[in-house]
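Visitor: I am new to this structure and would like a close look at a single part of it, the nonpolar core. Please take me through that part and what surrounds it.

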Amino acid sequence: MQHGGHCSCVWSVAFDPKNNDGSRFVSVDAEGRIILWKSTSSILPQYTKSAELSCNDGAELDPNYSVDWSSDGKFIAIGRGDDSIIIIAVENRNGKDSLEIVCVKRNAHTRDVHCVKWNPRIPSQLASVGGDGHLKIWQITDNNLFRT
């Protein structure tokens, strides 16, 4: 099943860990867009855009290479082509989803951030790997990302 919404290469997807029925997931693309998708039916799922956000604030279109959802469902982490990691808060108010950037860790690696993964047992701990050949472990505290 194909879904419209992205206009460029989609690099990564992650399902909402708090939604056991697979009715919500997030995708990221080569133009820096993040799209949150929600199913309208559990019998034959049809997904529609629930929220959208762009990580690019200038003329350059840096890609989002990796996305992962924290096990508590509160945050989405994005690994980017501008060497940064972005942390996004996911909220649902009155049935409407929203995405808000809460932290940008610039120069998280000295080259592209190829993959980010939340620790499934410690929701505030994040691992990242980059084109610089390094693996880093991060801790999010009060919406700030610190290397451990």
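Guide: Of the 148 residues of the chain, 45% count as buried. The model is a predicted one. Its chain has zero helices and twelve strands, so everything named below as an element is a strand, a term that here stands for a DSSP run of at least two residues. For a chain of 148 residues, a compact globule would have a radius of gyration near 15 Å, and the value of 15 Å found here agrees with that. The C-alpha trace spans about 45 × 35 × 25 Å along its principal axes.

In soluble globular proteins, nonpolar side chains tend to be buried together. In this chain the largest nonpolar core has 16 residues, and V26, I34, I76, I78, I88 and L99 are those with the most contacts inside it. Two or more residues come from each of β2 (24-29), β3 (33-39), β4 (47-54), β5 (64-69), β6 (75-80) and β7 (85-93). The largest share, three residues, is given by β7.

Leaving aside residues up to four places away in sequence, I34 touches V26, S27, V28, A51, E52, L53, C55, N64, I78, I88 and L99.

An open sheet is formed by four strands in the order β5-β6-β7-β8, with antiparallel pairing. At its edges stand β5 and β8 (96-105); each has a single partner strand, so one side of each is left without a neighbour in the sheet. From one strand to the next, the twist averages 25 degrees. Between β6 and β7, which run antiparallel, there are five bridges.

The structure holds five aromatic pairs. In one of them, the rings of W11 and Y65 have centres 5.2 Å apart and planes at 75 degrees, so this pair is edge-to-face. W11 lies in strand β1 (residues 10-15) and Y65 in strand β5, so the pair ties together parts that are 54 residues apart in sequence. W11 is partly exposed, with a relative accessible area of 45%.

F25 and Y47 also form an edge-to-face pair, at 5.0 Å centre to centre and with 75 degrees between the planes. Because F25 lies in strand β2 and Y47 in strand β4, this pair ties together parts that are 22 residues apart in sequence. F25 counts as buried, at 11% relative accessibility. Y47 is buried as well, with a relative accessible area of 18%; the cut-off for buried is under 20%. F25 and Y47 are also members of one aromatic cluster, together with F15 and W37.

Key
Residues numbered from 1 in each chain as written. Predicted model: local features only at pLDDT ≥ 70, side-chain atom pairs only at ≥ 80, totals over all residues. Heavy atoms only, no water. Core = buried A, V, L, I, M, F, W, Y, C linked by side-chain atoms within 4.5 Å. Buried < 20%, exposed > 50% of the residue type's maximum accessible area, 1.4 Å probe, protein only. Contact = heavy atoms within 4.5 Å. Pairing = 2+ DSSP bridges. Axes fitted to C-alpha atoms, helices over the stretch in contact; angles between N-to-C directions. Phe/Tyr/Trp six-rings, centres within 6.5 Å; stacked < 30°, edge-to-face > 60°. Rg over C-alpha atoms; globule rule 2.2 N^0.38 Å.
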